[in-house]
Amino acid sequence: MWDLVESHGSRWVIFVAFTSLIIAALSEISIPSILSESIFAAQSSDAVVFSRNSKILAFLCITSGICSGLRSGCFGIANIILMKCLRETLYSVLLFQDISFFDREAVGDLTSRLGADCQRLSLVIANDMSLILRNVLQGIGALINLLILSRPLALSTLFICCVLSMIFLLYGQYQKKAAKLVQDFTAGANEAAQETLSLMRTVRVYGTERKEFGRFKQWLDKVAFVNIRESVAYGFWCVSFSTLYRSTQIIAVVLGGISIMSGHVSAEQLTKYVLYCEWLIYATWRVTDNVSSMMQSVGASEKVLQLMDLLPSDQVLSKGVKLQRVMGHIQFVNVSFRYPSRAKQIPVLDGINVSVQAHEVVAIVGLSGSGKSTLVNLLLRLYEPITGQIYIDGFPLRELDIRWLRGKIGFVPQEPHIFHMSIKSNIEYGCSRYIKKEDIECAAKQAYAHDFISSLPDGYETVVDDNLLSGGQKQRIAVARAILRDPAILILDEATSALDSETEHYVKGVIHALRSDMKAKRTVIVIAHRLSTVKAADRIVVMDVGRITEMGNHTGLLEKDGLYAKLVGAQTDTLA
Ligand SMILES: Nc1ncnc2c1ncn2[C@@H]1O[C@H](COP(=O)(O)OP(=O)(O)OP(=O)(O)O)[C@@H](O)[C@H]1O
């Protein structure tokens, strides 16, 4: 944590804040003693002591005032800096996690951690801890003064403070647990709301508004239940505090009065005692209160700290080899895989052996769920195989610099997503080289996207997002994005699934043109359900439940009369 603070240049702010905090606490702790001395000096007409003490009091008041101001300002600044760097650090930790991490974690939960939880954690460090330190210092000062004044009275007050702290420890533990529950339930509510609002079209079509409201309300009810129990516990804590606090006052008056009557203690000493007693008990109360608020924040921030401890994905840490040129020869050798989030499931891919020659056009077909997209996920190294190896141009995929390799791959996913930015930025997304406007237009023309883009009010500068374009338009932008990268390996995962027949015809044209154009220099892998789009492939790989069952060209596979022939037959029947 300190490294974070240092790296963001807030070391000096924290230093000034702590120094002013200590000076303010020390100045304040002397005030009750000097104050009561002044009162009794005035009563006994001791002008010298009265005037000296008045000056000291004025000095202490100014010093503690300035230092308190400095302390508050500096801790405020430290809080802002800390919150910013906590969020930056957590976000960068999240960005570099393995993809499987995002299969396990809910996005709504992660965004809550990045927002409210980081804020609470920075408050713990910049606010609660400073207040605790200040009150501890004042409490120690008050106790020393009490011990000097009267040991039995000091010890009886200390005993009450200890009982108070014990009660608080129990209460604090409860609060910590409650805060964690509140945080988890709140994250659940956020997640439910985020999911519902982002899938509003589906919710409206299926008329599940009330059901979704009920789901959200369930989470809120849980939050309210824990909050109510927290409030009841707080009530018990307040009862204990005020009872014990009043006890100290009674003890002070009874024991102090007896001591005065027996001549052991003067009235001035008893006044000082009562004042310091107040300080000690209040310091204990404020420390416990701040610790309680800190406990709540720590409970809520535990997940943030756990997330911050995560190491980045191996892919980020390892450097890897960069080849001079990617030819596009791909080999899967005995590759098996199951998703980490479903570790107990049977493998999604089982003993895959396939070799795609450089510049070959290979189509992968098979029933839904047979593992086609998973194969591509492994090729993109979004996941690692559990056994076997993948080779690119004879080099194990694991040993290649994956960021560099991904720069050589053009990928049109099954459901392309569009960022909330201009179409131009969406097309050039992830391109590291300098891109001219003409290049973008050329890629869009090849993807048959230019016409619809030109018809938009701001053309290529039109800001779009996932909801503002049709499925086909999004796919054409994704195709343009892949073309612009000028990739050595092009992967089209059901690039025609969201297109109407006419557009599909055009995009088939695009793919065909790209393939013929690419024959000389690119490897193309096409995954498609519409078998009409893959007829012209050099080779067709047929998959069934995670295995390759057939391989060959269109005519050969039809003659074989296996799964491919059945799939083609089924599609022909459907179209007829
Ligand atoms: N992220 C994931 N976590 C866990 N299981 C997954 C994940 N993605 C896919 N699966 C499972 O892996 C299996 C293969 O999925 P995959 O997407 O590779 O199939 P597919 O052949 O591409 O299907 P489709 O043609 O419908 O796109 C399925 O059973 C699916 O439920």
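**Exercise 1. In which loop is the place of Asp393?**

Let's start with some ground rules. Residues are numbered from 1 along each chain as its sequence is written. This is a predicted model, where local features need pLDDT of at least 70, side-chain atom pairs count only at pLDDT 80 or more, and totals for chains, interfaces and linings use all residues.

Step 1. Helices (H or I, at least four residues) and strands (E, at least two) are DSSP runs, numbered from the N terminus.

Step 2. Asp393 has its place in the loop between β4 (387-392) and β5 (395-396).

Step 3. Asp393 is not a glycine, yet its phi is positive, about 50 degrees.

Step 4. Next comes burial. A residue is buried if 20 or more other C-beta atoms lie within 10 Å of its own, exposed if 12 or fewer, and partly exposed in between, with C-beta atoms placed from the backbone. Asp393 has 15 other C-beta atoms within 10 Å, so Asp393 is partly exposed.

**Exercise 2. Find the element that holds Asn334, and decide whether Asn334 is buried or exposed.**

Step 1. Asn334 sits in strand β1 (residues 330-337).

Step 2. Asn334 has a positive phi of about 50 degrees, although Asn334 is not a glycine.

Step 3. Asn334 counts as exposed because it has 12 C-beta neighbours inside 10 Å.

**Exercise 3. Follow the contacts of Ile260 and Leu270.**

Step 1. Ile260 belongs to helix α8 (residues 209-261), whereas Leu270 belongs to helix α9 (residues 267-308).

Step 2. Two residues are in contact if their C-beta atoms, placed from the backbone, lie within 7 Å. Leaving aside neighbours within four places in sequence, Ile260 is in contact with Val265, Ala267 and Leu270. With residues up to four places away in sequence not counted, Leu270 touches Gly256, Ile260 and Val265.

Step 3. Ile260 counts as partly exposed because it has 14 C-beta neighbours inside 10 Å. Leu270 has 21 other C-beta atoms within 10 Å, so Leu270 is buried.

Step 4. Now compare sequence with space. Leu270 and Gly256 are 14 residues apart in sequence and 6.1 Å apart from C-alpha to C-alpha. For Ile260 and Phe15, the values are 245 residues in sequence and 46 Å in space, C-alpha to C-alpha.

**Exercise 4. Describe how α5 packs with α6 and how α6 packs with α8.**

Step 1. Two packed helices are described by the angle between their axes and the distance between the axes. Axes are lines fitted to C-alpha atoms, for helices over the stretch in contact, and angles run from 0 to 180 degrees between N-to-C directions.

Step 2. Helix α5 (residues 107-149) and helix α6 (residues 151-198) have axes that come within 13 Å and cross at roughly 175 degrees. Therefore α5 and α6 are roughly antiparallel to each other (angles under 35 degrees count as roughly parallel, over 145 as roughly antiparallel, 65 to 115 as roughly perpendicular and the rest as oblique).

Step 3. The contact of α5 with α6 has eight nonpolar, seven polar and five charged residues. Here Ala, Val, Leu, Ile, Met, Phe, Trp, Tyr, Cys and Pro count as nonpolar, Asp, Glu, Lys and Arg as charged, and the others, Gly among them, as polar.

Step 4. The axes of α6 and α8 are 9 Å apart, at an angle of about 170 degrees. That makes α6 roughly antiparallel to α8. Their contact divides into 28 nonpolar, 11 polar and five charged residues.

**Exercise 5. What surrounds the ligand?**

Step 1. The ligand is surrounded by 14 residues, and the closest are Tyr339, Ser368, Lys372, Ser373 and Thr374. A residue is near a molecule if its C-beta atom, placed from the backbone, lies within 6 Å of it.

Step 2. Helix α11 (residues 372-379) gives the most to this shell, with three residues.

Step 3. By class, the shell around the ligand has two nonpolar, nine polar and three charged residues.
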